[in-house]
Amino acid sequence: MNTIVRPRILVARAIFPEVMDKLTQHFDVEANPADDLWPRDELLRRLQGKQGVFTTGGERIDAALLKACPELRICANMAVGYNNFDLAAMTAAGVLGTNAPDVLTETTADMGFALLMAAARRVTEGEHFLRAGKWDRWAYDMLIGQDVHGATLGILGMGRIGRAIARRGALGFGMPVIYHNRSRLPAEEEAEVGARYVSKEELLKTADHLVLVVPYSAESHHSIGAAELALMKPSATLINIGRGGVVDDAALAQALREGRIAAAGLDVFEGEPKVHPDLLACSNVVLTPHIGSATVPTRKAMANLAADNLIGYLTQGKPLTPLNPEVIPA
Ligand code: 8YV
């Protein structure tokens with residue numbers, strides 16, 4: 001009698017039970033229900049003999065890991081960003097990488113706007129003030145901030161999420177929208193999202209609210225540092241929903257402390273989950289723990305997409321959102 005050998009996969013973090021159920025219909029699954037953060041050597045050990053791994057963005061997949069796990073064929077990230085993957089090393093090793101694009105675009109754009117509004121209108125600062133029992137009278141300048149409607153919205157990084165933010169600003173808040181990106185959008189796309197292309201310098205000098213949606217890479221490291229912050233208006237706000245490391249957090253804290261920009265809203269940090277102590281000490285920054293995609297429907301859609309990539313590739317050779325399709329056997 002023939003026994004069908006099912007592919008073996010590792011799910012590196014705890015995920016939705018229904019997604020685990022779907023995976024176990026197709027694979028022998030080693031899971032992590034306790035949601036432990038496995039040290040690298042434990043991840044390597046658990047990956048032995050596995051053909052696939054479900055990652056969530058925190059697990060580094062590089063040449064050394066791939067060499068130590070020769071049976072691995074696919075790493076499916078439950079994130080649109082994949083700076084945890086050394087994609088060149090994966091391609092060289094013939095290992096497929098997949099990410100989770102599109103399903104989180106609108107949710108993450110909502111979060112960008114939430115941070116923008118909270119920072120500009122000093123929402124969390126106001127709440128802390130109230131809870132601390134400091135609200136004992138009206139004052140003409142109590143917690144006055146900056147307008148969002150009609151102000152100039154700047155966007156650095158005009159991918160899917162950048163375009164969704166542009167649409168919100170232009171259509172919902174009557175904001176003139178300017179952007180800078182490595183490559184300029186075609187004219188019809190610019191018109192559709194209501195955005196005008198400018199140089200990075202003009203973006204920094206002109207934006208009232210600047211939203212960063214840039215992936216992290218050696219090239220984007222500290223794209224916003226002391227020199228860039230110095231170009232911004234003292235009334236401006238800076239929002240980062242892209243990746244930590246795109247902003248020099250120490251330089252930003254100094255600019256906020258010295259009032260060289262008005263406020264910031266940050267969902268991502270250099271070296272997260274640690275947050276620079278100087279940022280923690282600033283009252284004019286809204287801080288959230290990397291929750292840009294954290295809604296029930298969106299996190300379920302991301303987990304399902306990662307699972308469907310594993311199922312599609314390991315059972316039929318057909319992943320949904322491959323990053324290096326050149327490794328897929330013809
Ligand atoms: C993820 C994200 O939740 O998709 C991304 O790139 O930043 C978030 O939506 C996070 O990366 C999981 O680690």
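Which residues line the largest cavity? The legends below begin with that view; the model is predicted.

**Figure 1. Lining of the largest cavity in the predicted model.** The lining is made up of Ala118, Ala119, Arg122, Thr124, Glu125, Ala263, Ala264, Ser283, Asn284, Val285 and Val286. The volume of this largest cavity is about 30 Å³, and the structure holds one cavity of 30 Å³ or more. At least two lining residues come from each of four elements: helix H5 (105–120), helix H6 (123–131), strand E11 (263–266) and strand E12 (285–287). By residue class, the lining has six nonpolar, three polar and two charged residues.

Figure 2. Seven residues from domain 1 and five residues from domain 2 take part in the contact. The size of an interface is often given as the accessible area lost when the parts come together. For domain 1 and domain 2, the buried area is about 540 Å², with 40% of it on carbon and sulfur atoms. On the domain 1 side, Asn83, Asp102 and Thr298 lose the most area to domain 2, and together they account for 67% of what that side buries.

**Figure 3. Salt bridge between arginine 160 and aspartate 102.** Side chains of opposite charge can pair when their charged atoms come close. In the pair formed by arginine 160 and aspartate 102, the closest N and O atoms are 3.6 Å apart. Between domain 1 and domain 2 the count is one salt bridge.

**Figure 4. Salt bridge between arginine 8 and glutamate 71.** The two side chains meet with an N to O distance of 3.3 Å. Arginine 8 belongs to strand E1 (residues 8–11), while glutamate 71 sits in the loop between helix H3 (63–68) and strand E4 (74–77). The pair links distant parts of the chain, 63 residues apart. The count for the structure comes to 26 salt bridges.

**Figure 5. Backbone geometry at proline 273 and leucine 143.** Most residues other than glycine have a negative phi, and most peptide bonds are trans. The peptide bond from glutamate 272 to proline 273 is cis, and its omega is near 10 degrees. Proline 273 lies in the loop between E11 and helix H12 (277–280). Leucine 143, although not a glycine, has a positive phi of about 55 degrees. The loop between H6 and strand E6 (153–156) holds leucine 143.

**Figure 6. Surroundings of leucine 323.** Leucine 323 is located in the segment after helix H13 (296–316). Leaving aside residues up to four places away in sequence, leucine 323 touches Tyr82, Phe85, Leu87, Gly97, Thr98 and Asn99. From leucine 323 to phenylalanine 16, the C-alpha to C-alpha distance is 24 Å, and the two are 307 residues apart in sequence.

Note on methods: Residues numbered from 1 in each chain as written. Predicted model: local features only at pLDDT ≥ 70, side-chain atom pairs only at ≥ 80, totals over all residues. Heavy atoms only, no water. 1 Å grid on protein atoms, 1.4 Å probe; cavity = no way out; pocket = protein on both sides within 12 Å on 5 of 7 lines; lining within 4 Å. Points joined across faces, edges and corners; volume = space filled by probe spheres on them. Nonpolar A, V, L, I, M, F, W, Y, C, P; charged D, E, K, R; others polar. Contact = heavy atoms within 4.5 Å. Buried area = accessible area lost by both parts, 1.4 Å probe. Salt bridge = Lys/Arg side-chain N within 4 Å of Asp/Glu carboxyl O.
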